[in-house]
Amino acid sequence: MALTAAVPFWRAAGMTYITYSNICANLVRNCLKEPHRAESLAREKVHFSLSKWADGKAQKPVLRSDAPEV
Amino acid sequence: MFKQASRLLSRSVAAASSKSVTTRAFSSEVPSTIDSTFVESWKKVAPNMDPPQTPSAFMKPRPSTPSSIPTKLTVNFVLPYASELTGKEVDMVIIPATTGQMGVLPGHVPTIAELKPGIMSVHEGTDVKKYFLSSGFALLHANSVADIIAIEAVPLEHIDPSQVQKGLAEFQQKLTSATTDLEKAEAQIGVEVHSAINAALSG
């Protein structure tokens with residue numbers, strides 16, 4: 001009885017499929033010719049603000065942004 | 001008389017609320033998933049309560065599979081930021097499944113295939129359009145509709161060969177110097193993707 005089914009190497013190393021897929025996409029984007037490369041890397045930019053709530057009030061928000069600081 | 005009333009009441013209640021069970025005549029190929037022996041024994045034990053419904057009672061009927069194989073494959077090729085092809089009728093697509101290049105013709109057996117980084121080619125008459133896919137899935141349905149999803153798909157002309165060589169050398173070097181499992185996995189992914197692009201450009 002195989003207790004460890006044949007898993008892909010990235011899952012054996014603790015990576016999830018979505019992480020693997022995003023890494024592959026990032027590598028492909030880095031190999032593109034110039035105008036396409038800049039456009040596609042712009043797609044990877046992330047901008048979000050996260051705040052935890054305690055006692056019905058929002059705590060200080062955490063901002064993650066790839067956009068330049070205004 | 002009261003026993004009759006409760007029986008009649010539960011019968012009409014059951015008919016009204018289990019509409020999805022009685023109107024299933026229209027669902028084309030879903031077999032009746034109602035287990036009649038279970039329903040009967042339920043009614044003996046709890047005649048006033050409807051038998052529990054199963055998830056399949058809430059499913060919309062599947063699209064019907066035509067009895068004769070269609071002549072064209074309908075392809076929906078989508079990326080997170082754009083729909084490359086929507087309902088395009090083609091003769092064949094070749095997808096880079098993890099088990100190798102897979103040719104999909106109309107009437108292909110329903111399959112879910114995980115894709116590895118590689119070339120997908122769409123064949124329409126004599127036109128062949130190729131894309132390099134970063135990874136994704138291909139869902140092939142019984143009615144000759146293929147849904148292909150990937151995160152990045154680029155035409156081969158958009159790839160810069162010098163960047164690919166640089167990337168390959170860099171990741172091969174990282175693979176030898178990697179220490180943790182995660183670093184090794186990342187370097188391995190880098191080597192695989194760049195080798196696949198190299199093979200795509202030269203093949």
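This is a predicted model: local features need pLDDT of at least 70, side-chain atom pairs count only at pLDDT 80 or more; totals for chains, interfaces and linings use all residues.
Two strands count as paired if DSSP finds at least two bridges between them. Two residues sit between strand 1 and strand 2 of chain B, and the pair makes a hairpin. Across the pairing, B:Leu73 faces B:Val90 of strand 2.

Residues 73–145 of chain B carry a UniProt label, from an unreviewed entry: "domain: ATP synthase F1 complex delta/epsilon subunit N-terminal". That span is 71% strand and 0% helix, and its end C-alpha atoms are 6 Å apart.

The largest nonpolar core runs to 26 residues, and the ones with the most contacts inside it are A:Met15, A:Tyr20, B:Phe132, B:Ile159, B:Ile189, B:Val193 and B:Ile197. Three helices each put in at least two residues: helix 2 (17–30) of chain A, plus helix 5 (161–177) and helix 6 (181–202) of chain B. Helix 6 of chain B gives the largest share, with seven residues.

There's also a second, separate core, this one of 23 residues. Among its members are B:Phe77, B:Val90, B:Ile95 and B:Val104.

## Where the chains meet

Chains A and B bury about 2300 Å² between them, and carbon and sulfur atoms account for 71% of that. On the chain B side, B:Glu152, B:His158 and B:Ile189 supply 25% of the area that chain B buries against chain A, more than any other three residues. Counting residues, 29 from chain B and 22 from chain A take part in the contact.

B:Ile189 is worth a look here. Setting aside neighbours within four places in sequence, its contacts are A:Phe9, A:Trp10, A:Met15, A:Tyr20, A:Ile23, A:Cys24 and A:Leu27. Two of these, A:Met15 and A:Tyr20, also turn up in the list of residues with the most contacts inside the largest core.

## A glutamate at the interface

Now for B:Glu152. This residue sits in the loop between strand 9 (145–150) and strand 10 (153–154) of chain B. Is B:Glu152 buried or exposed? Its relative accessibility is 1%, so B:Glu152 counts as buried, the cut-off for buried being under 20%.

The B:Glu152 side chain makes a polar contact with the side chain of A:Arg29, at 2.4 Å. Beyond four places in sequence, B:Glu152 touches A:Ala25, A:Arg29, A:Ser40 and A:Arg43 in chain A, and its chain B contacts include B:Leu79, B:Tyr81 and B:Phe132.

Note on methods: Residues are numbered from 1 along each chain as its sequence is written. Chains are lettered from A and ligands numbered from 1 in the order in which they are written. Side-chain values use heavy atoms; hydrogens and water are left out. UniProt positions are given in the numbering used here, feature names are shortened, and annotations may be inferred rather than shown by experiment. Helices (H or I, at least four residues) and strands (E, at least two) are DSSP runs, numbered from the N terminus. Buried means under 20% relative accessible area, exposed over 50%, partly exposed in between (1.4 Å probe, protein chains only). A polar contact is a pair of N or O atoms within 3.5 Å; within protein, one must be able to donate a hydrogen and the other to accept it, and residues adjacent in sequence count only if both atoms are side-chain atoms. Contact means heavy atoms within 4.5 Å. A nonpolar core is a set of buried Ala, Val, Leu, Ile, Met, Phe, Trp, Tyr and Cys residues joined through side-chain atoms within 4.5 Å. Buried area is the accessible area (1.4 Å probe) that two parts lose on being put together, summed over both.
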